[in-house]
Amino acid sequence: MLNIIKLSALAALTGMTLAAPLQSRDSGKTITVKNNCKNTMTVGWLTNGQSNDHTTLFDLSAGATQSISPPGSNWGGRVWGRDQCSHSDMTHCGTSGAVSPASLAEFLFNGSGGQDYYDVSLVDGYNIPISISPDGKSATSKYQCGSPQAANLPSCPSANQVVVNGQNVGCKSSCSLTGSAQDCCTGAYNTPDKCSINSFAQQVKNANPDAYSYAYDDQTSTYSCNPTGYTVTLCA
Ligand SMILES: *[C@@H]1O[C@H](CO)[C@@H](O)[C@H](O)[C@H]1NC(C)=O
C-alpha cells in the first residue's frame with residue numbers, strides 16, 4: 001500500500017505537475033468491477049491523495065459488472081465494495097480507512113518503467129473477499145501479470161468489529177484498532193527493519209499470502225503488468 005502511494009507521489013513529482021497540459025490525457029485503462037456477492041453491493045473508488053468527499057459510489061447488483069475509467073495518464077487509487085450502504089453515509093460508505101476498513105484493490109497506472117502496479121490490501125482491515133486480474137494477459141510469473149486475491153478472511157475478534165446500524169460490516173486491523181506506532185509502522189517504527197508484522201497481520205497473511213497485511217509487506221504483495229485494464233471481483 002505504502003509503496004504504491006510513494007510511487008504515485010513520485011510520478012506526480014517527476015512527470016505531471018510542472019509541465020502537464022491543462023487537460024491531462026487519460027490512460028484509457030479501465031477497471032471492471034464484477035459483483036460476485038449474493039447481494040447488491042455499493043462500489044467506491046477514490047484517487048490517491050483526495051479526501052473522502054471525492055469518492056465515487058455506485059450500486060452494483062449481484063452478478064453485474066460495471067467499468068470505471070480513472071482520469072489521468074498516471075492514475076493511482078483504490079477500489080472497494082460494501083454491502084449496499086447509504087451513499088449519504090460518507091463516514092462508512094464513502095471511506096475505506098481506519099475508521100471503517102474495506103478490503104482494497106489498489107492501482108498505480110503507468111508507474112516506474114511504464115508498468116502498472118497493483119495489489120490487494122488488508123492493511124487497514126477487511127470486509128469481503130476481493131481479487132484483481134489483468135485483462136487479456138497471462139501471468140509470466142507470480143508477480144508479473146498475476147492475479148492477487150484475498151479469499152480467506154479470518155473471523156474477526158469482537159474488539160475489531162465495525163458495527164453500523166447493528167450490522168457487523170467490517171474488521172479493523174490492529175493498526176486501525178490501536179493506531180499505535182508499532183502496529184502502524186509509524187514514528188519510531190517507520191522503516192522495514194524497525195517494524196515487524198504483528199500477530200493479527202500475520203494471521204491475515206498466513207490465510208491470504210497474496211495480500212498486503214501490514215505497511216512493509218511490499219515484497220510479497222506488489223504486482224505489475226501493463227494490460228488494457230483490470231477486473232476487480234468482489235466476493236471472489
Ligand atoms: C506514462 O507516464 C509518462 C510519464 O509521466 C508520460 O510521459 C506518458 O505519456 C505516460 N504514458 C501513457 C500511455 O499514458
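Reader: How far does a polar side-chain atom of asparagine 110 lie from an oxygen atom of the ligand?

Author: This is a predicted model. In it, an oxygen atom of the ligand and a polar side-chain atom of asparagine 110 are separated by 2.3 Å.

Reader: How much of the ligand does the protein bury?

Author: The ligand taken alone exposes 360 Å². Of that area, the protein buries 49%.

Reader: Which residues are around the ligand, and how many of them are charged?

Author: Around the ligand are Ser73, Asn74, Asn110 and Arg25. The side chain of arginine 25 has an N or O atom 2.8 Å from a ligand oxygen, and for asparagine 74 the corresponding distance is 3.2 Å. By class, the shell has no nonpolar and 3 polar residues, and the number of charged residues is 1.

Reader: Is cysteine 145 buried or exposed?

Author: Cysteine 145 sits in the loop between strand S9 (130–134) and strand S10 (149–150). Its contacts beyond four places in sequence include Tyr118, Lys137, Ser224 and Cys225. The cut-off for burial is under 20% relative accessible area. Cysteine 145 has 7% relative accessibility, so it counts as buried.

Reader: Which strands are at the edges of the open sheet?

Author: The open sheet has 5 strands with mixed pairing, in the order S4-S1-S14-S9-S10. An edge strand pairs on one side only, which here applies to S10 and strand S4 (65–68).

Reader: Which residue in S14 stands opposite isoleucine 132?

Author: S9 pairs with strand S14 (residues 229–234) in the antiparallel sense, over 5 bridges. Opposite isoleucine 132, the residue in S14 is valine 232.

Technical notes: Residues are numbered from 1 along each chain as its sequence is written. This is a predicted model: local features need pLDDT of at least 70, side-chain atom pairs count only at pLDDT 80 or more; totals for chains, interfaces and linings use all residues. Side-chain values use heavy atoms; hydrogens and water are left out. Helices (H or I, at least four residues) and strands (E, at least two) are DSSP runs, numbered from the N terminus. Buried means under 20% relative accessible area, exposed over 50%, partly exposed in between (1.4 Å probe, protein chains only). Contact means heavy atoms within 4.5 Å. Two strands pair if DSSP finds at least two bridges between them. A residue is near a molecule or strand if one of its heavy atoms lies within 4 Å of it. A polar contact is a pair of N or O atoms within 3.5 Å; within protein, one must be able to donate a hydrogen and the other to accept it, and residues adjacent in sequence count only if both atoms are side-chain atoms. Accessible areas come from the Shrake-Rupley method with a 1.4 Å probe; for residues, only the protein chains shown count as cover. Ala, Val, Leu, Ile, Met, Phe, Trp, Tyr, Cys and Pro count as nonpolar, Asp, Glu, Lys and Arg as charged, and the others, Gly among them, as polar.
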